[in-house]
Amino acid sequence: MPTLIRLADGRFSNAEDVFTDVADEDDIPAGPVILSLTRFQAEGDALVTAGRTVGVRIQTDEAIEDLAYDLPRLALVAVVFPKFRDGRTFTTAALLRERFAYKGEVRAVGDVLTQQANFMVRTGFDSFAPADGATPEQWARAAGLFRHVYQRAADHRPPAFEERG
Amino acid sequence: MKALTANRLIDGEVVFWQAGQWVERFADAQLFADDDAAGPAAVDTAKTQPTVIVEPYLIDLTQGPAGLAPVSYRERIRALGPTNEPTHGKQAEGGAAIAALQAATGAARSTGRVDLIRRK
Amino acid sequence: MYSYDIIDQEFLEDRAAEFRGQVVARLAGDITEDQFKPLRLMNGLYLQLHAYMLRVAVPYGSLNPTQFRAFAHIARTWDKGYGHFTTRQNIQFNWIKLGDTPDILDHLAGVQMHAIQTSGNCIRNVTSDPYAGATAQEVDDPRVWSEVLRQWSTLHPEFSYLPRKFKIAVTASEIDRTAARAHDIGLKVLRGADGALGFEVMVGGGQGRTPYLAPTIKPFLPAARLISYLEAILRVYNRHGRRDNSYKARIKILVASLGAEEFGRQVEEEWLKIGEGRDLPDTELARIRGSFIRVPFETAPPHSDIFDAEHAADRSFARFVRNNVKAHKQPGYAIVEISLKAPGATPGDASAEQMDAVADLAERYGLSDIRVTHEQNLVLPHVKLDDVPAVHRALQSVGLATSNISLISDIIACPGLDYCALANARAIPVAQAIQDRFADADRAEDIGELKIKISGCINACGHHHIGHIGVLGVDKKGEEFYQLSLGGSGAEDASLASILGPALPADKVADAVDKLVETYLGLRQADERFLDTFRRAGMAPFKEAVYADAH
């Protein structure tokens, strides 16, 4: 099981993963669960109504808009990186934070590499399951390599044009 | 015949396999018969050296007018250097071995279409 | 010119430090070549046939003498004494060692230069008009907007892993020197009916395997909304561009498959949702604009006795003026183009000595401003007419006074198989053979504007799709062959070239071009260019001339 790194209050630290990532063909166990979008659409309502803690796993070919109405009820959205080059993940996270004002956990899973930590943090991810076994210290260093940024993004870092202001 | 080639990691230099070593001259490359299992075995060994070389592969050789040379012009250019700068790359050294590779370069072989262009 | 402040400078230092760490990790075996390759590519470092090649960005083709001398220094210290200017207005060094690249990037950072996003599936270095700030044709200075885009696109968190590379050009003139429609996004600065600044937005152009010219999806975008609109385009592309096949992953394929209208509708819908929050504040725009307007032109008469006397006395100077000297917006000044297409030279190459000489000239006579054109030449955009003769003589002394801008010997050629690992055939020797065939300067001038563009493979770095005569190197059964095409243009009258006929062997290309030119001269009416004659007369007479005996 890969290490889980959480970002909270500007600090990166190891965290226990309380969720069970449930494959579509498996039974739903007790405790917090992460379901695929399809399964959530079929069974999620009942689980949430029963007071269960539910997260959804979203693939890069799925539209985050399909979850829009359910987001306030979700504890977590796990954005799957099928390979690190598939940059749709960054748009998904940006939309979650900036368009849908999602306040829950946005987790990077799959081919999650330290070299992209900066972009993940900037687009609004706050938990990470590094495929390369990075430690929180390594992750923090990669995410903080640049003293300045040039764009507004979900992390609310002041871009260069505001620093200059 | 075949030879094993790659680019050296630290500087990108074209190198050839010679009995467990990487050498810079094509003329020094170890030659493998087409059916010699030692060729693919050398590729496998090369793949275990990712901090030494990049992308090892076997190239086909053929007897040119002045000696053995790579079949493909891409590989001849790798073994010589860029044709627009004759003093750059391995060709700068000159000598018989380089001349043999250059002789194999030649112009593209004529085809029937060549004669379809009416000359002035 | 834009000058980096401490923020821009620290950003470059951080980037150079990051890459140094990545190189150390690779050499130590801590990361694999597969992991390292995308990292080095995002720093412009390719592994080519003979060595590594480092592509250094020249943001919107504009640089100062200190930066130009840094190129000369790199060429001397870490390469073989020369560099190659590209159709992206960048420079490439052909003989770089991986172990040296951290030092090279440090050296570049010291003069506010870098190799960021000169490769990879990200927003590449923005290109612009090499005459910006000097031509009376422009409605605004396109460098202002190019600099805005440089900052916005640099390590963009959402758009650094796009389906494929992404190229943006900015022009502000009716005369297009950027090949705007051959870009993923072409931006043309306009003034609206009320005089307000805006952009015509063209999306979905590109060359490569499947060439397209970009259709206009928005005829007038208010200038202040540029960033939010580009974010909308990039977001639609990032989400819906194809990722299953790299040959179909450019935005041109998405635009073509949806249709420009539907693509534009999707962008508009996304743009409305994004709102104005992403647009650049007026204060920052004013700051950037301010750095481009401080050009200390002197008040000078529109004519120069020194210039006129040299023009009357020296035929070589007169030829230089006819072909390489262009009108400046400021009376008493001229734009001087420096051809990197001397007979027998490699198109786009300059030696360290030549680079130093150009830097000196820019400092002494050119208000310290140097440009790179996408046609692989250099420009001194601000030279006083009084000084043009001295500049010409100085250029002559370093072999840079070739008077052939836009003529048949001003050929674009990619490095081709002499250097490039992707190439199928050589491009440089073909260019040299054509240059040699048309070495007679009087004949070249009589032929007039004729743009030959040569690519060594289907990726079309040599822009063959938009050449008046395009030449594409192909591998036919292991041998170099060349496919000719006619009628392309990367200018304001943009068009894609059509294939002339079966590919030719290398030693027949110059003959074929000669035939095409003779045909043109025979058909030419009044002052038609080759391209005009081709458009009027069609392919048939040209095809007949080259393949006369084929049937």
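Predicted model: local features only at pLDDT ≥ 70, side-chain atom pairs only at ≥ 80, totals over all residues.
## Which chains touch

Two pairs of chains are in contact, and of these, chains B and C share the most contacts. Chain A and chain B are not joined by any contact; their closest C-alpha atoms are 18 Å apart. Chain C also meets chain A, with 40 residues of chain C in contact with 33 residues of chain A. The contact between chain C and chain B takes 50 residues from chain C and 32 residues from chain B.

The size of an interface is often given as the accessible area lost when the parts come together.

| Interface | Buried area | Share from carbon and sulfur atoms |
|---|---|---|
| Chain C and chain B | about 3600 Å² | 58% |
| Chain C and chain A | about 3400 Å² | 54% |
| Domain 2 of chain C and domain 3 of chain C | about 530 Å² | 55% |

## Chain C against chain B

About 3600 Å² is buried between chain C and chain B. On the chain C side, L49(C), H50(C) and E479(C) lose the most area to chain B, and together they account for 15% of what that side buries. Polar contacts are present, however: 14 residue pairs are found across the interface of chain C and chain B, both residues being at pLDDT 80 or more.

Several elements of chain C each supply at least two residues to the side that touches chain B. The helices among them are α1 (6–27), α14 (428–437) and α16 (509–523) of chain C. The strands are β5 (91–96), β18 (469–476), β19 (479–486) and β21 (504–505) of chain C. By residue class, the side of chain C that touches chain B has 26 nonpolar, 8 polar and 16 charged residues.

## Chain C against chain A

The interface of chain C and chain A buries about 3400 Å². In chain C, the residues that lose the most area to chain A are P157(C), Y161(C) and R239(C), together 23% of what that side buries.

How many salt bridges lie across the interface of chain C and chain A? The count is 10. In one salt bridge, the side chains of R164(A) and D5(C) meet at 2.6 Å, N to O. Between chain C and chain A there are also 21 residue pairs in polar contact, both residues at pLDDT 80 or more.

The elements of chain C that give two or more residues to the side touching chain A are α1, α2 (33–41), α5 (142–153), α6 (226–240), α8 (260–274) and α9 (282–290). Of these, α1(C) provides the largest share, 8 residues. The side of chain C that touches chain A divides into 13 nonpolar, 8 polar and 19 charged residues.

## Domains of chain C

Chain C is assigned domain 1 (6–109), domain 2 (134–290), domain 3 (305–397) and domain 4 (412–550). The centres of domain 2 and domain 3 of chain C, taken over C-alpha atoms, are 32 Å apart. Here 7 residues of domain 2 of chain C are in contact with 9 residues of domain 3 of chain C.

The count between domain 2 and domain 3 of chain C is 1 salt bridge. R143(C) forms a salt bridge with D369(C), with the closest N and O atoms 3.7 Å apart. The side of domain 2 of chain C that touches domain 3 of chain C is made up of 3 nonpolar, 2 polar and 2 charged residues.

## Two sheets

Strands of a sheet pair through backbone hydrogen bonds, either parallel or antiparallel.

Chain A has an open sheet of 8 strands with mixed pairing, in the order β2-β1-β8-β7-β6-β5-β4-β3. At its edges stand β2 (11–14) and β3 (20–21) of chain A, each with a single partner strand, so one side of each is left without a neighbour in the sheet. Strands β5 (residues 54–58) and β6 (residues 76–81) of chain A pair in the parallel sense over 4 bridges. R57(A) stands opposite A78(A) in β6(A).

Chain C has an open sheet of 5 strands with antiparallel pairing, in the order β3-β14-β15-β12-β11. The edge strands β3 (62–63) and β11 (325–327) of chain C each pair on one side only. β3(C) pairs with β14 (residues 370–372) of chain C in the antiparallel sense over 2 bridges. The bridge partner of L63(C) in β14(C) is I370(C).

Definitions and conventions: Residues numbered from 1 in each chain as written. Chains lettered and ligands numbered in written order. Heavy atoms only, no water. Domains from an automatic or database assignment. Contact = heavy atoms within 4.5 Å. Buried area = accessible area lost by both parts, 1.4 Å probe. Salt bridge = Lys/Arg side-chain N within 4 Å of Asp/Glu carboxyl O. Nonpolar A, V, L, I, M, F, W, Y, C, P; charged D, E, K, R; others polar. Polar contact = N/O pair within 3.5 Å; in protein donor to acceptor, adjacent residues only side chain to side chain. Pairing = 2+ DSSP bridges.
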